[in-house]
Amino acid sequence: MNEIVLITSKDCPLCEEAKELLNSLQLAEFSLVEKDIYTTRQIHNKYWDKIPVLLKDNQDLCWPFTADNVKEFILI
C-alpha cells in the first residue's frame, strides 16, 4: 500500500480542513500517516510556514490544495 504523509500541527484549522478533504476523497489505495511539524527539526525547518503539507515519494504539496491537486499529486 502506498503511503501519503500529512504534516500537521496541533490547533491548526487548515490542517483539519486538509484532513476533511483527504477523507472525502476516499483514497483506498493509500494509507494516510499524520506527522506533527515538530517531529523532526528538518521537517519543522522546511515546512513550518507551509502546513498542512502532503508528502509522497520525496515530493511535497503545500497548502492550499484542492481535491484536483491531490488527485494529480498522487498520480505523479
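**Figure 1. Pairing of β3 with β4 in the predicted model.** In this predicted model, Leu 54 has Leu 61 of β4 as its bridge partner. The two strands β3 and β4 are antiparallel and are joined by four bridges. Their hairpin has two residues between the strands, and within this hairpin Asp 57 adopts a positive phi near 50°. Asp 57 is not a glycine, and its place is the loop between β3 and β4. With a relative accessible area of 60%, Asp 57 is exposed, the cut-off for this class being over 50%. Most residues other than glycine have a negative phi.

**Figure 2. The four-stranded sheet.** The strands form an open sheet in the order β2-β1-β3-β4, and the pairing is mixed. The edge positions belong to β2 and β4, each of which has a single partner strand, so one side of each lacks a neighbour in the sheet. From one strand to the next, the twist averages 25°. The strands β1 and β2 run parallel and are joined by seven bridges. Within this pair, Asn 2 stands opposite Phe 30 of β2. Helix α1 packs on the sheet, where it touches β1, β2 and β3, and its direction makes about 160° with that of β1.

Figure 3. Helix α3 comprises residues 67-75, among which Val 70, Phe 73 and Ile 74 are buried. An α-helix has 3.6 residues a turn, so residues three or four places apart point the same way. Exposed residues on the other side of α3 are Asp 68, Glu 72 and Leu 75. The cover over the buried residues of α3 includes the strands β1 (2-8), β2 (30-36), β3 (53-56) and β4 (59-62), together with the helix α1 (13-25).

**Figure 4. Two cis peptide bonds in loops.** The peptide bond from Ile 51 to Pro 52 is cis, its omega being near 0°. Pro 52 lies in the loop between α2 (41-47) and β3. A cis peptide bond also leads from Trp 63 to Pro 64, with omega near 5°. Pro 64 belongs to the loop between β4 and α3. Most peptide bonds are trans.

**Figure 5. Asp 11 in the loop between β1 and α1.** Asp 11 is found in the loop that lies between β1 and α1. Its phi is near 55°, a positive value in a residue other than glycine. Asp 11 counts as exposed because its relative accessibility is 79%, the cut-off being over 50%.

**Figure 6. The whole chain as context for the close-up views.** The protein contains three helices and four strands, and from the N terminus on its elements run β-α-β-α-β-β-α. A compact globule of 76 residues would have a radius of gyration near 11 Å, and the 12 Å of the protein agrees with this. The C-alpha atoms fill a box of roughly 30 × 25 × 15 Å along the principal axes. Of the 76 residues, 37% count as buried. Among contacts between residues at least 6 apart in sequence, 62% join residues at least 24 apart. The protein exposes about 5,100 Å², of which carbon and sulfur atoms supply 48%.

Notes: Residues are numbered from 1 along each chain as its sequence is written. This is a predicted model: local features need pLDDT of at least 70, side-chain atom pairs count only at pLDDT 80 or more; totals for chains, interfaces and linings use all residues. Side-chain values use heavy atoms; hydrogens and water are left out. Buried means under 20% relative accessible area, exposed over 50%, partly exposed in between (1.4 Å probe, protein chains only). Contact means heavy atoms within 4.5 Å. Two strands pair if DSSP finds at least two bridges between them. Axes are lines fitted to C-alpha atoms, for helices over the stretch in contact, and angles run from 0 to 180 degrees between N-to-C directions. The radius of gyration is taken over C-alpha atoms; the globule rule is 2.2 Å times the number of residues to the power 0.38. Accessible areas come from the Shrake-Rupley method with a 1.4 Å probe; for residues, only the protein chains shown count as cover.
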